Amino acid sequence: MPALYVMIPIAIIVVALAIWLFFWAVDSGQYDDLDGPAHSILFDDEDPRHKAGVEQAADKQDKNPPHA
Amino acid sequence: MNSPTACFHCGLPVPAGSRFQARVLDEPRAFCCPGCQAVAEAIVAGGLDGYYRHRTENASNPEALPRQLSDELQLYDRADVQANYVQHQGELAEACLLIEGISCAACGWLIERHLRTLPAIAEAQLNLSNQRLQVRWADSQLPLSQLLGELRKIGYVAHPYQADQAAELLQRENRRALRQLGLAGLLWMQVMMAAMATWPEFNLDLSADMDRILRWTSLFLTTPIVFYCCTDFFKGALRDLRTRHLTMDISVSLAIGGAYLAGIWSTVTGVGELYYDAVGMFALFLLAGRYLERRARERTAAATSQLVNLLPASCLRLDAAGNNQRVLVSELSVGDQVLVPPGHSLPADGRILAGQSSIDESLLTGEYLPLPRAVGDSVTAGTLNVEGPLTIEVQALGAATRLSAIVRLLERAQADKPRLAELADRVAQWFLLIVLGVAAVVGLVWWQIEPQRAFWIVLALLVATCPCALSLATPTALTTATGSLHKLGLLLTRGHVLEGLNQIDTLILDKTGTLTEGSLTLSRILPLRDLDSDTCLALAAALESGSEHPIARAFGRVQPAAELISHPGLGLQGVVDGRHLRIGQAAFVAELSGQSAPGIPGDQGQWLLLGDQQGPLAWLVLDDRLRSDAPKLLDLARQRDWRVLLLSGDSSPMVHSLATQLGIDDARGGLTPDDKLAVLRQQHAEGRRVLMLGDGVNDVPVLAAADISIAMGSATDLAKTSADAVLLSNRLDSLVQAFAMARRTRRIIIENLGWACLYNGLILPFAALGWVTPSWAALGMSLSSLVVVVNALRLSR
């Protein structure tokens, strides 16, 4: 039981943090478009920077094969 | 291959013998028209052909999108026009553009990527839900008109969008609603943990100290829910009390306020039940219901704002030297000379100074054939010049035009609109009266038996009967149904339409553009010589394919004839397979063979003659065709025993022949907008509830005054904005489906109200006997709300 004396204030602080984070996200417009971002991830393959990143990672793996 | 191939870009069938091709994704693809081909080529040239790999829907046909002329677009570069749309911050300009032609998520990617490849663009972000593009760019390098041109190149039409105060307010309110919903959810979960621990059902042997701490903790966590999340309910309740209305808000406020105040009392004294978790649950459920409703409304508002063209009306003014210059219509003055090219609408009332053409007045009068007009004739603002260029002397402008007279009639008519009572409002009133009555009686009875329990029992009763499910019953059903109808192609812009559709008993129809297609289509071919009708049609189509004239659209697109020459007001001439041909007015065609022109054998429709050097080949009759699904709508009307009236501004015999064909008894032709409104008033005086279906400016007053009005998707802006719903698909059978949907919605709403009342009725006696504890109230409430929401979701299938 004594643990509750610590846990309750911690729970309240965590909730306060979560609420602050949520308010910040809403106010910075992250919830304004609820349809677009769900699809935009599909187009990552077309992004040259993403492709470059993937190639770089593949290069590194080639240079240090796991069983070398 | 029998079935025609689909256009790779827009999915429409590719006409036989088409030569529109391009290489996309390493394969040659066929296109239906030069527009699609050009767009596809622009996309491939920009290295964006990934669009075709990722799209889930076909693109919109670029030729179906509204035309924007480049000199018209240049108006957007004028500082006085821009002032409304564009903000400047140093080098960069910022604007919000409304995009037309978005069909799937890949379009968003394509637009953003294409713009970002342009050096002048600093930032481009598209919001897919409301189809608005926020763009920041250096407008010294790239004027706004060219930016719009770039979007046009990849197949989208953009209009600058004025982020007015209403839109900003909407966004602020939206964010506030989301914050309220999120806060209620987060806090409710914490309150539930703290408050439930004190419930005897969980049988925790809490120390007295712990119990007090948990009570204070839940009070602390509930307070923001009441004072931040629930303010709208309290405000609504106050407003309704002042206007002496009993509404759902009052019920909800009573339950939330009562539970919260009693909670404070029991927290301070340490005796009595805790209903904090019920407060949180009400707040979350009710706010979620309202948020969904708000999102649906907002989506409708976004779709509605796309219906209206925002470009300020402009026209070509002639100066003394005869040069033309594009100016805003608001800059015109009486006596100016204006040049109206074919295909454009007239900016002002006036008199023709030069030129010969025919004028399409169907939107204003319902007359379905373009009427010939020549020098000296008067013409009206808002009508369409069909054939040749006209020079017009302006005689009346703005408020003095005939068009404005109709708009004034519209404003008067709007005041006549009757209000249809909504079911939920009536139920809520009775519900609240009963609950308050029962609570008073129960309180009095318990006061006699056991005074110290009386308060807690009345409180339990108020909390247990909180109309949570009841207030979710209607909005969830209406929201789902509105979404389903939007997919069918019927956009509801006012709230009362769905419920009102069930109360209709009279249907008023317009003819041109509503029951008929509103554009000329080929109805008959009468061959005069050895060639059969198919060959004649192919020859006619080859001639018309090179023309921009509206009549040409009736023939579809094929390989155009060679050596095409257009003679405005007379017809076309060209060469097909070495044969010299003419199509158009009889005298003009007969001239080619040197014979005398044959007389027109019929009276209905527009008669075109096709002929070669040996003489006339065939008559082609163009007529305004009945929509193929019109009989379905009439069948439905007969089935439901409605009175059907056909009111048309057209004075031709076509009104009555159409009425006989469709079985409409009461058809009236040659009506002015005033006459139409008078007929509607007469129906209202007989106590009838009227649904009006129309499209033209002359229908606008009736659309505004009818109980429910629906405008066709092809209607004028004014008609669309004054109607309660817009039939975007232009298909009358969507309307038949909408009626079925309205019935299903009504059934679901009644079922939902039944469920909610049943639950409240069942729990009432237990609460009155004092058997309902906070845990039972919570369980019952969440279950009944869930049933109602799931039931409403059935409408989306």
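## Helix packing and chain contact

In chain B, the axes of helix α15 (residues 451-464) and helix α26 (residues 732-768) come within 9 Å and cross at roughly 170°. Axes are lines fitted to C-alpha atoms, for helices over the stretch in contact, with angles from 0 to 180 degrees between N-to-C directions. α15(B) is therefore roughly antiparallel to α26(B), a term for angles over 145 degrees. Helices (H or I, at least four residues) and strands (E, at least two) are DSSP runs numbered from the N terminus.

This is a predicted model: local features need pLDDT of at least 70, side-chain atom pairs count only at pLDDT 80 or more, and totals for chains, interfaces and linings use all residues. Residues are numbered from 1 along each chain as its sequence is written, while chains are lettered from A and ligands numbered from 1 in the order in which they are written.

| α15(B), residues 451-464 | Ala460(B), Leu461(B), Ala464(B) |
| α26(B), residues 732-768 | Ile763(B), Ala767(B), Ala768(B) |

The contact between chains takes 22 residues from chain A and 21 from chain B. On the side of chain B that touches chain A, α7(B) gives the most, with eight residues.

In helix α22 (residues 654-662) of chain B, Met654(B), Val655(B), Leu658(B) and Ala659(B) are buried, meaning that 20 or more other C-beta atoms lie within 10 Å of their own. These residues lie on the same side of α22(B) because they cover an arc of only 135° around the axis, taken from the directions from the helix axis to the C-beta atoms. On the other side, Ser657(B) and Thr660(B) are exposed (12 or fewer such atoms).

Notes:
Parallel < 35°, antiparallel > 145°, perpendicular 65-115°, else oblique. Contact = placed C-beta atoms within 7 Å.
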